[in-house]
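Subject: Structure for you to look at

Hello,

Here is the structure I said I would pass on.

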Amino acid sequence: MRQLILGGVRSGKSRLAERLATAFDAPVTYIATAEARDDEMAARIAAHRAHRPTHWQTVEAGVALGAAIEAAAQPGGVVLVDCLTLWLTQLLCAADVDTALPLQREALLEAVRASQGELILVSNETGMGIMPMDALSRRFGDEAGRLHQDLAASCERVILTAAGLPLVLKGDPL
């Protein structure tokens, strides 16, 4: 099963994803997309690492997320990807964004469609706010919205979280 979990910052989406991954009673590969570019982000990453079970395998994907999913998604296993919007931000800030973004986006979508085992994707839902003032922020919103729509079409379950509460938008209830 492929699941997409969306929500705002501190909505409980990562905690829900971790709980779902643990419930499968199968080996878990956690694919992290964040890069520690400052002390505050390094602290966030450290807190996430400390919270995860030590027996989970962690893969730091960078922008090659599709390849990381393809390598990790095996029958009988669980892959948890956290977070797609951090991955997207890194691509949008890359010097070769206009080349890298379409290639990496398509590689991600193909890996999701072809994935075996359980796949849980976590992403920030940012499309519920006001229209940003600058071009990069508007592009981010557009790209994230399109990515979420394409992933939702490929996933059997889509969940929106708010205040730690899951709302199933597509698929079987929790």
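A crossing of two helices is called left-handed if the near helix is turned anticlockwise from the far one by less than a right angle. By that rule, α3 passes α5 in a left-handed crossing. Please keep in mind that this is a predicted model.

The helix pair. Helix α3 covers residues 65–72 and helix α5 residues 97–114; their axes come within 7 Å and cross at roughly 20°. Angles under 35 degrees count as roughly parallel, and α3 and α5 are therefore roughly parallel to each other. On the α3 side, the contact is made by Leu-65, Gly-66, Ile-69 and Glu-70. On the α5 side, Gln-104, Ala-107, Leu-108, Ala-111 and Val-112 take part. Sorted by class, the residues in this contact of α3 with α5 are six nonpolar, two polar and one charged.

The strand. β5 runs over residues 118–124 and is mostly covered, with seven of its seven residues buried. Which residues lie on each side of β5? Glu-118, Ile-120, Val-122 and Asn-124 are on one side, and Leu-119, Leu-121 and Ser-123 are on the other; all are buried, so both faces of the strand are covered.

Its pairing. β5 pairs in the parallel sense with β1 (residues 2–7) over six bridges, and Gly-7 stands opposite Asn-124 in β5. With β4 (residues 78–82), β5 also pairs in the parallel sense, over five bridges. There, Asp-82 stands opposite Val-122 in β5.

Regards

Key. Residues numbered from 1 in each chain as written. Predicted model: local features only at pLDDT ≥ 70, side-chain atom pairs only at ≥ 80, totals over all residues. Heavy atoms only, no water. Axes fitted to C-alpha atoms, helices over the stretch in contact; angles between N-to-C directions. Helix = DSSP H or I, 4+ residues; strand = E, 2+ residues; numbered from the N terminus. Parallel < 35°, antiparallel > 145°, perpendicular 65-115°, else oblique. Contact = heavy atoms within 4.5 Å. Nonpolar A, V, L, I, M, F, W, Y, C, P; charged D, E, K, R; others polar. Buried < 20%, exposed > 50% of the residue type's maximum accessible area, 1.4 Å probe, protein only. Pairing = 2+ DSSP bridges.
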